[in-house]
Amino acid sequence: REAVVSTQSTGGAGPHNALLTHVEVDENKADMKWEFSEENVARADGIISNYPTGHQQAAAIPLLDLAQRQHGGWLPLAAMNYVATYLDMAPMRIYEVATFYTMFNRTPVGKYHVQICTTTPCMLRDSDCVVKACKENLGIGLGETTSDKMFTLCEVECLGACVNAPMMQINDAYYEDLAETDVHEILDDLRSGKTPRSRKQDKPVCERTDNRFNNSHIATNRARLRSPGRFVNISNIS
């Protein structure tokens with residue numbers, strides 16, 4: 001499928017890693033009118049009420065998240081400026097938050113934002129097969145969006161589900177204990193408007209019991225960790 005690159009990147013693949021300098025485009029103009037919906041004004045005020053009087057700036061992250069959700073999964077400059085005014089903050093303070101936390105996307109994303117964890121625990125459980133399946137199914141690479149604006153594919157750091165690695169996050173949902181066939185099924189379900197079934201294995205221990213990963217697989221990953229560019233101490237791994 002034809003793909004549309006969703007971000008210019010200075011390092012890493014994803015809509016968060018756009019150039020730090022604002023670039024004026026039709027969909028992201030500094031003087032564009034932007035404000036919370038009536039419903040989100042009530043939500044924002046409710047969030048601010050959780051903090052002591054005079055400390056409303058502590059609500060910067062949840063209000064930016066609220067703005068991002070209202071705007072289809074990403075934050076234009078006008079939304080950041082609106083939140084700054086809403087919280088009586090200097091705009092630069094909001095920019096600092098939005099450019100620091102990877103949960104905030106500063107370029108458009110697809111309807112389904114597919115984020116694949118490739119940090120060490122997931123990599124050891126073959127997150128490469130998840131990346132490969134996503135690329136094959138969607139016809140795009142990391143940091144790209146499908147031409148129909150349905151899917152954006154990104155590589156991310158640890159998402160805190162190491163016990164059920166490998167895993168990926170799509171919008172707010174976690175999909176864990178993934179095999180290559182699971183990935184294709186999940187993406188196909190989303191494309192057809194279905195809700196994918198959960199893959200999480202509620203195991204009382206951290207080890208898998210299905211022996212899906214054999215000694216050859218483990219040996220291969222040890223070799224990868226020892227390769228140039230890998231800075232992981234595995235001297236104590238038997």
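Modeller: Contact here means heavy atoms within 4.5 Å. Helices (H or I, at least four residues) and strands (E, at least two) are DSSP runs, numbered from the N terminus. The model is predicted: local features need pLDDT of at least 70, side-chain atom pairs count only at pLDDT 80 or more, and totals for chains, interfaces and linings use all residues. Residues are numbered from 1 along each chain as its sequence is written, and side-chain values use heavy atoms, with hydrogens and water left out.

Colleague: Which helices do the buried residues of H4 pack against?

Modeller: Buried means under 20% relative accessible area, exposed over 50%, partly exposed in between (1.4 Å probe, protein chains only). In H4 (residues 91-100), Ile94, Val97 and Ala98 are buried. They cover an arc of only 95 degrees around the axis (taken from the directions from the helix axis to the C-beta atoms), which puts them on the same side of H4. Their packing partners are helix H2 (60-70) and helix H3 (77-86).

Colleague: Which residue of S4 stands opposite valine 114?

Modeller: Strands pair if DSSP finds at least two bridges between them. S2 (residues 112-117) and S4 run parallel, joined by six bridges. Opposite valine 114 stands leucine 153.
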